[in-house]
Each structure stands twice: as C-alpha cells, then as structure tokens.
Amino acid sequence: MSEYQYYDFKAIDHALTKTEMAALRAISTRAVITSTSFTNHYEWGDLKADPLKLLEKYFDAFVYVTNWGTRKFHLRLPQGKVDFKYLKSILPGTSSHLRNAGQFVIVSFQSEVESDDDWDDGTGWMGSLVSLRSDLLRGDLRSLYLGWLMFVQDDELPGNTMEPPVPAGLRELSAPLDSLIEFLGIDEDLVEVAASSSAPMKAGPLRKELAAWVRGLPAKEKDDLLIDFLSESSERCRLELLQRFRRQNAVAPNHGAIERRTVKDLLTASRVRADERARQLSAKRAADAARKKAKDEADRAVYLESLAKREKVVWKQVEAYIEKRQPKDYERAVILLVDLHDLAVRQEDETGFQLTMEEFRKTHAAKGAFLRRLAKANL
C-alpha cells in the first residue's frame, strides 16, 4: 500500500436530506453514506471534492488520517453560538486555527505525527473526539488551549509569547481531551506543566438556579421551548438554553487563569519535568533489576541445595545425555554441567569439578560437537 487516506464526516445538528445524500453519492460510489455521516478511505487516488467545502456545506465534524502521519480534526460551529474574536485569539496559528465560513465558524486542528508500528486506519477517532464540539458550545475551551500547546511544541511562537488564559479543568481531562492529545501527538510533559496553573473545573448551574430561571419565563416561551425539545436536537436545545441562562444571569464561561507564562517558561518547565521523569524511571528500573537479581540468586541457591542431594544421579544423567550423541541432548548435558559447576563453587570444590571435567574431555574426545559446546559454556 503506497498511500492510505481516511475521511470521516459527521452531521450533528441536522440530518442529511435525500438530495444531499445523492449529491454526496455523486462524489463517491464507494463511500459509506448515512443520514448523519460520510466515510471513505483511499489506497489509490483521492477524494474527488474539497473536504473543507463538504464540511462547510453538510457536516459538523471531519476527521482525516493518513499513513504518512497527517492528522486533521475540524469542527463546524454556529456563528452566533461562540465568541469568534476570543476563540481566534487562542488559535491564531497555522496547525490549529479558526476561520469564518458564512454562518459558521470552523475550528481546525492539524498535526504531523511520527508513524509507528501500530496501524491506524482512522476509524475510531470520530467517536473519540466529536463530543468536543458540544464542549466548545457550552464554553469549555480546554481543547483550544491544547491546540495552542501545539504551537508551543512545534516552535510556531516566539519564546516571549504569553500563553492565553488557562482554562479550568486541565488537571481533570475528559476521555475526548485525552484522545485529542493522542491524536495530535501533544507532549504529555508539556500538558502536565500547563495544567499546573489550571483551576479546578467548576460545576454547571445548580438545579435550584435553573428552576428559578425557568419559572420566571413567560408561559408561551416555555411552550415554545418544549416544542423545540420535541422537534429539534435536544442536546442543541440544551446548549442554547444554558448559554441563554449564562447571558441573562451574568454567568460567563470560565476563561480564568491563576498564572500566565511565556512559551519559553512552558518549554523549559516541560524539559525539566521530562528529565526528572526519565531519572525516576531509570532509578525504578535499576531498583527492579536489583530486586530481580536478588530473587534469582535466592532461587538459584535453593535449587543448588536441592541439587547437592542428588549430585551423583545428575552426573550419571549427564553421561546418559552425552551417549545419545544428539545436539539437543548435548545441550541438556551442558546445562546440567553448568549447574554442577555452580554447585562446586558453592561447596568450594571447584578443583574437584575441573578434575572430573578433564576426565570427561578425555573420555569423549571424539565428540567434537559436545566439546565445542563445553568451550562455549566456559567449562
């Protein structure tokens, strides 16, 4: 396979119409098309359309994965549901960025990930990442901050650039955010350093606060809201209501930060953390190796004690193996001779063992294959 490209589009707010599905089918006869998705992969050739145009026209999320390491994740957000200017200030770069597209805002994440031995056909990423869209719509900007960390990691920003406000909850990442880190290949030490200045995630509005607000709405408006829930996407309606609640109750999304640092600060701290983690890992490996060595030596001592009780039988067993004149039996004989040698050392009788071995060499002088194995074992 010379090339592999995987395309996965998902519609969330609205299902595709039959006319739209037919238009997509005209683009590809091989794609899997449903009322909410378009997926296809190419081993030869390419998608016969601009994927970003398809996203703008039909879909709310798009994942692109290749076997040469390119990964892209795009989200389409309703223009009136997000603060474009603020979000744009967080992602002003090239690998991850925001742009206006008519009545929508397109959020783009992109990275070049080093390929490894694990084959990634791209099929699991959409399910792991797509809920980040609803997170953004309700004001959770952790994914955008992680996108900004890509700029830091890829040296796209001067060292004196200040980080954007650190969102709350970076120390308590959700599964989709962990997936985004893996998808983009963001350095985990960099994430941990950034998270050190992140406040705990605040809970949403209390039930009693929501209840008081809902009871204060005009009856007709409540009826309209209930109709919307029954006829539209309930999740979309929920997000819109929460945004409206925040606006009317002056509950702004949490963009707070305890401390802001420069790009240089973050990179320096992440290198220090990586070095310390490597030191700790090396120390742990050394301790594990020492424990294993001690256990092996203890187990060996127990074995040699049991061998001492049947030493004469083992010598006869060695002779029997040698007489069979088979390579595997020669190997078995040498293994036992190594054990007998270690036993002699333990009993401080290595001289006696060497005298016995001299007799062995004379007796079996014609067995060149056996003698070569003895030499290899330093016997």
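**Figure 1. Glu56 and Arg99 meet through their side chains in a salt bridge.** The N to O distance is 2.7 Å. The two partners come from distant parts of the chain, 43 residues apart. Glu56 sits in helix α2, which covers residues 51–58. Arg99 sits in strand β6, residues 96–101. The structure shown here, and in the views that follow, is a predicted model. Glu56 has a relative accessible area of 21%, so Glu56 counts as partly exposed. Arg99 is partly exposed too, because its value is 25%; the buried class takes only values under 20%.

**Figure 2. A salt bridge joins the side chains of Arg346 and Glu305.** Here the N to O distance is 3.1 Å.

**Figure 3. Glu331 and Arg373 form a salt bridge between two helices.** Their side chains come to 2.9 Å, N to O. Glu331 lies in helix α14. Arg373 lies in helix α16, residues 368–376. The partners are 42 residues apart, in distant parts of the chain. Glu331 is partly exposed because its relative accessible area is 38%. Arg373 is at 22%, so Arg373 counts as partly exposed.

**Figure 4. Four charged residues are linked in a network of salt bridges.** Which residues take part in the network? They are Asp13, Asp60, Arg76 and Arg133. Across the whole model, the count of salt bridges comes to 21.

**Figure 5. Leu75 is a buried residue in a strand.** Leu75 has its place in strand β5, which runs over residues 70–78. Is Leu75 buried or exposed? Its relative accessible area is 0%, so Leu75 is buried. What does Leu75 touch, leaving out residues up to four places away in sequence? Its contacts are Asp60, Ala61, Val105, Ile106, Val107, Leu132, Arg133 and Leu136. Phe62 is 13 residues from Leu75 in sequence. In space, the two are 6.6 Å apart, C-alpha to C-alpha.

**Figure 6. Thr39 is a buried residue in strand β3.** This strand covers residues 37–42. Thr39 has a relative accessible area of 19%. Why does Thr39 count as buried? Buried means under 20%, so Thr39, at 19%, falls in that class. Neighbours within four places in sequence are set aside for the contact list. Thr39 is then in contact with Tyr6, Tyr7, Asp8, Ala31 and Val32.

**Figure 7. A patch of negative charge gathers on the surface.** Which residues make up this patch? They are Asp178, Glu182, Asp187, Glu188 and Glu192. Two helices, α7 (175–184) and α8 (188–195), each supply at least two residues of the patch. Look at Glu182, which lies in helix α7. Glu182 has 55% relative accessibility and so counts as exposed, since exposed means over 50%.

How values were computed. Residues numbered from 1 in each chain as written. Predicted model: local features only at pLDDT ≥ 70, side-chain atom pairs only at ≥ 80, totals over all residues. Heavy atoms only, no water. Helix = DSSP H or I, 4+ residues; strand = E, 2+ residues; numbered from the N terminus. Buried < 20%, exposed > 50% of the residue type's maximum accessible area, 1.4 Å probe, protein only. Contact = heavy atoms within 4.5 Å. Patch = residues over 30% accessible without salt bridge, like charges linked within 9 Å, V, L, I, M, F, W, Y side chains within 5 Å. Areas by Shrake-Rupley, 256 points an atom, 1.4 Å probe, with all protein chains shown as cover. Lys, Arg positive; Asp, Glu negative; His and termini not counted. Charge placed at Lys NZ, Arg CZ, Asp CG, Glu CD.
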